[in-house]
Structure formats: structure tokens, C-alpha cells
Amino acid sequence: MTEVWRNWSGSEEARPVRVLRPGSTEEVAAAVGTAACEGLRVKAIGSGHSFSGAAVAPGVQLRLDGLSRLRSVDPDTGLVTVDAGMPLWKLGPLLASHGLALEVMGDIDRQTVAGAVSTGTHGSGLRFGGMATQVHALKLVLADGTAVRCSADERPELFRAARVGLGALGVITEVTLQCVDAFALHARDTAVPVAEVLDRVDELTESNDHFEFFWFPHSTTALTRRFTRLPADAPLKPIGTLARRIDETVSGLGFDALCRVGTAVPALVPPIARFAARAMSAREFTDHSARVFASPRDVRFHEGEYAIPREHAVDALREIKRWIDTTGERVSFPLEVRFAAADDITLSTGNGRESCYIAFHQYHRMPYRRYFDACEAILGEFRGRPHWGKMHTLGARTLRTRYDGFDEFVALRDALDPTGRFANPYLDRVLGVAPDAVPVTPAP
């Protein structure tokens with residue numbers, strides 16, 4: 001009997017029938033073929049940092065830590081090919097050694113490359129799409145055991161869908177990324193009254209290369225983060241080692257201790273949140289891009305996130321605040337607000353529209369269901385699309401109304417994997433059960 005697998009937050013778990021660690025595309029293909037003969041489903045997993053059930057593998061679990069090599073680098077074109085299991089925290093320094101960088105990253109770098117692109121990981125900045133927009137080509141193993149390559153010129157219909165493929169179309173084994181010349185980022189963190197941020201949100205998003213903010217709903221202060229892109233040879237002024245350790249202790253162990261107190265005495269959550277908001281420090285620093293985009297996340301939490309049309313950002317945030325104030329809900333973590341460009345990827349949350357991403361969190365020891373349900377309902381009123389790697393309750397019937405290309409994606413999935421070899425309960429819910437599959441759980 002295999003051990004129980006759990007994701008980072010502890011919200012999902014599985015006890016796979018078998019765990020494999022393939023070291024090549026050929027070994028992945030062999031694993032898929034064997035599973036098919038045994039009637040088992042197959043799921044590849046990365047770092048387990050997804051909050052949703054996208055990577056839950058009750059059948060054969062493929063752990064891709066053995067597929068984590070840098071395959072090729074072309075400094076002239078910026079094209080870099082890596083194995084699917086390459087962690088982002090490892091990729092950044094490798095690219096830097098070749099004078100390259102990812103154009104944009106999310107605020108966590110613990111994911112694998114394939115996991116990040118497959119679930120729609122994104123950063124913030126109106127000129128930049130999610131990480132999947134940086135994908136130039138993919139190699140993946142299909143349900144029939146064949147390995148194929150896709151790009152804008154080769155199997156373009158598969159490429160359009162597989163860049164944010166949720167693991168439903170095949171097992172990605174290699175990713176070719178379009179990288180850019182290495183660059184530095186100047187970061188400015190400033191505490192600003194929430195009312196001012198909401199009044200100036202369009203100006204702030206349009207006048208900065210990257211802009212985001214964090215808002216504890218029980219407070220009147222937001223921490224704004226503004227990043228300016230600079231040449232790689234710009235003078236660096238990174239956060240000092242001691243200052244970084246103090247910051248990580250305060251935001252890590254210190255914040256975790258406060259959350260534990262709030263869990264034991266819920267009435268203390270609002271004043272703790274206000275204290276945390278006041279403790280958010282103003283600072284400026286300049287460092288290599290990968291060291292600025294990503295930050296440590298040591299305190300465990302549950303998270304949901306929705307992308308809504310950018311023009312509805314302020315209305316949605318005010319509605320969430322109104323609900324919290326009206327119900328007396330105690331929220332220990334801030335709302336995180338980011339912005340990104342539109343793209344043309346079939347099931348990308350940014351498909352066809354500039355987006356405001358609103359992420360809602362709760363400490364992992366505290367009740368979260370009522371708060372998350374309310375955020376989902378409010379953001380749904382603005383045709384919100386849930387982040388595929390975050391917690392949500394939507395099924396295929398509702399998601400079909402949020403994506404113009406939803407049926408196109410499902411038709412491709414049905415053609416490539418009619419028996420649901422790569423499905424799991426989560427994919428059965430969000431895409432519907434494959435036509436020739438025996439459902440593991442009832443479809444919504």
C-alpha cells in the first residue's frame with residue numbers, strides 16, 4: 001500500500017495505487033501504456049502546490065522530480081527547453097547563468113514549470129499575460145502512449161489548448177519557453193490607505209510595469225507593490241541578509257503565531273489583522289527579477305482566486321468588504337489583487353480580456369467555507385473565472401458559460417482521451433466525464 005499524498009495546504013490527498021518516477025518521455029509513455037492495460041487512471045504531479053484537486057492521483061501517480069533537466073538553451077533566440085518537472089526556483093538561476101530570464105513570474109516559485117503553465121499561474125502587470133503565454137512548444141504523451149510535439153505551427157489546435165491543459169490532454173514531458181534577456185526589478189512596497197488605492201487603481205496599474213496590492217479586510221490600509229523593469233546591469237541594492245531573515249521570521253513564524261492565537265480566540269482576528277496591516281513595512285530594493293517576483297510563503301493557508309474583467313475590480317472588492325462587515329466574518333489573511341493582459345489560450349483565465357485577479361485566503365486551521373462561498377458568489381456576478389490551481393466549487397455547466405472555447409477544449413479532450421485516462425474527480429467535475437469513461441464520481 002502506498003503512502004498518503006497530500007498537497008501543500010493539506011486540502012487534497014490521495015493514496016495512489018502505484019507511484020512512479022519516470023526519467024524520460026519514453027518511461028512516461030510506458031507508464032501510460034501499462035496503466036491503460038490495467039484500467040487505471042494516470043496523473044502527473046509536480047510540487048503539490050496546487051490548492052485544487054487538479055493533480056490528485058488515485059490511480060497511477062507520476063512524480064516528475066526525475067524529469068527536471070535543462071535540455072537546451074539558445075541565447076540568440078531566447079528559446080529554452082526544460083523538462084516538465086523543472087522547479088521554477090531552480091530554473092531562475094539557470095537562466096541567469098545564460099543571460100536570460102522568464103518574462104514574468106508569479107509570486108511563488110515552488111511549482112514545477114509544467115504545473116505552473118498547466119493551471120494558469122500568472123504574475124501581475126497589464127503588459128504581461130500568464131506564464132503559459134511564454135510557452136513556445138510542448139512535448140506531451142497522449143492517452144494512446146504516443147509522444148507528440150505541438151507549437152503555433154505544429155498541431156496548433158492542441159497547442160492552443162494544452163498550454164493551460166489542466167493535465168487533461170496528456171502528460172507534458174518537455175516545455176520550450178520563450179525567454180527574454182535577463183533584467184533587474186526595482187521594487188517599492190508602500191502602505192497606502194485602501195480608499196486611495198481603489199480611487200487610483202487604473203492609474204497605478206497603467207503607470208507601473210507590475211502593480212499589485214494586499215488588503216486585510218478588517219483594516220483600512222493596503223500594502224502596494226510596484227515593480228519597475230531595469231537592465232540587467234543596473235546597480236543592485238538587494239534586501240540584506242539580516243533584513244531578509246527578519247522579514248521572513250515576522251511574516252512566517254511571527255504571523256503563524258498570531259494566526260494560531262486568532263484561531264483559538266476568533267474575536268481577536270480583526271485586531272490581529274489590523275496590527276498585521278500596520279506592521280507591513282515600506283521598503284525599496286533592486287535585485288535580479290526572479291528574486292523579486294517570488295516571495296516565501298511559509299504560513300500555510302487555503303486559497304481561492306478568480307479572474308474578473310479589469311473594469312469591475314473596485315466594485316467586486318467593495319462588495320467582498322461589504323459582505324465581511326455585514327456578516328462579521330473573521331478573515332485572518334489579506335485579499336491579494338493583481339492584474340494581467342488578455343491572451344488567446346482556450347481555458348486561460350485571461351482568455352479574451354484584461355483581468356483583475358482577486359485571491360482570497362484563510363489560515364489553514366480556521367473555517368473557510370462560508371467566506372470562500374461568498375467570494376465565489378460575488379465574483380461570479382462579474383463572470384469570474386476560477387484559477388485552475390486554486391480552490392473553487394464550479395462544475396462544467398457553469399464554466400461553459402464563462403469560456404467561449406469551453407466546448408472546443410472538451411471536444412479535443414474527448415478525441416484525445418475518450419476513456420478518461422488522465423481524468424480524476426476534479427476533472428470529471430470541471431470538464432464533465434469523458435465519453436467512454438466510467439465516472440469515478442457523478443458528473444455535476
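The legends below accompany close-up views of a predicted model.

**View 1. Five strands build an open antiparallel sheet**. The order of the strands across the sheet is E6-E7-E11-E9-E10, and their pairing is antiparallel. Strand E6 (70-74) and strand E10 (147-151) stand at the edges; each has a single partner strand, so one side of each is left without a neighbour in the sheet. When direction is ignored, neighbouring strands of this sheet are turned by 15° against each other on average. Within the sheet, strand E9 (residues 135-141) runs antiparallel to strand E11 (residues 171-178), and six bridges join the two. At Leu138, the residue standing opposite in E11 is Val175. Helix H1 (residues 25-38) packs on this sheet, where it touches E9, E10 and E11, and the direction of the helix makes about 45° with that of E9.

**View 2. Helix H10 and the glycine that follows it**. Helix H10 spans residues 313-327, which is 15 residues, and reaches 22 Å from its first C-alpha to its last, close to the 21 Å expected at 1.5 Å a residue. The buried residues in H10 include Ala313, Val314, Ala316 and Leu317, and Ile320, Trp323 and Ile324 are buried as well. After H10 comes Gly328, whose phi is positive, near 75°.

**View 3. Aromatic pairs around Phe211**. The model contains 17 aromatic pairs, and Phe211 takes part in the two shown here. With Phe213, Phe211 forms a tilted pair, in which the distance is 6.0 Å centre to centre and the angle between the planes is 40°. With Phe339, the ring of Phe211 forms a stacked pair, because the planes are at 20° and the centres are 6.4 Å apart.

**View 4. Gly389 in a loop**. Gly389 is placed in the loop between strand E20 (385-386) and helix H12 (396-402), and at 3% relative accessibility this glycine counts as buried. Between Gly389 and Asp428 the separation is 39 residues in sequence and 15 Å in space, C-alpha to C-alpha.

**View 5. Cysteines without disulfides**. A disulfide is a covalent bond between the sulfur atoms of two cysteines, and the structure holds zero of them. For Cys259, the closest cysteine sulfur is in Cys375, and because the two sulfurs are 17 Å apart, they are too far for a bond. Cys356 is in no disulfide either, as the nearest cysteine sulfur, again that of Cys375, is 13 Å away. Both cysteines lie in the interior by the accessibility criterion: Cys259 counts as buried at 3% relative accessibility, and Cys356 is buried with a relative accessible area of 0%.

Conventions: Residues are numbered from 1 along each chain as its sequence is written. This is a predicted model: local features need pLDDT of at least 70, side-chain atom pairs count only at pLDDT 80 or more; totals for chains, interfaces and linings use all residues. Side-chain values use heavy atoms; hydrogens and water are left out. A disulfide is a pair of cysteine sulfur atoms within 2.5 Å. Buried means under 20% relative accessible area, exposed over 50%, partly exposed in between (1.4 Å probe, protein chains only). Two strands pair if DSSP finds at least two bridges between them. Helices (H or I, at least four residues) and strands (E, at least two) are DSSP runs, numbered from the N terminus. Axes are lines fitted to C-alpha atoms, for helices over the stretch in contact, and angles run from 0 to 180 degrees between N-to-C directions. Contact means heavy atoms within 4.5 Å. The expected span of a helix is 1.5 Å times one less than its number of residues. Rings of Phe, Tyr and Trp (its six-membered ring) pair if their centres lie within 6.5 Å; planes under 30 degrees apart count as stacked, over 60 as edge-to-face and the rest as tilted.
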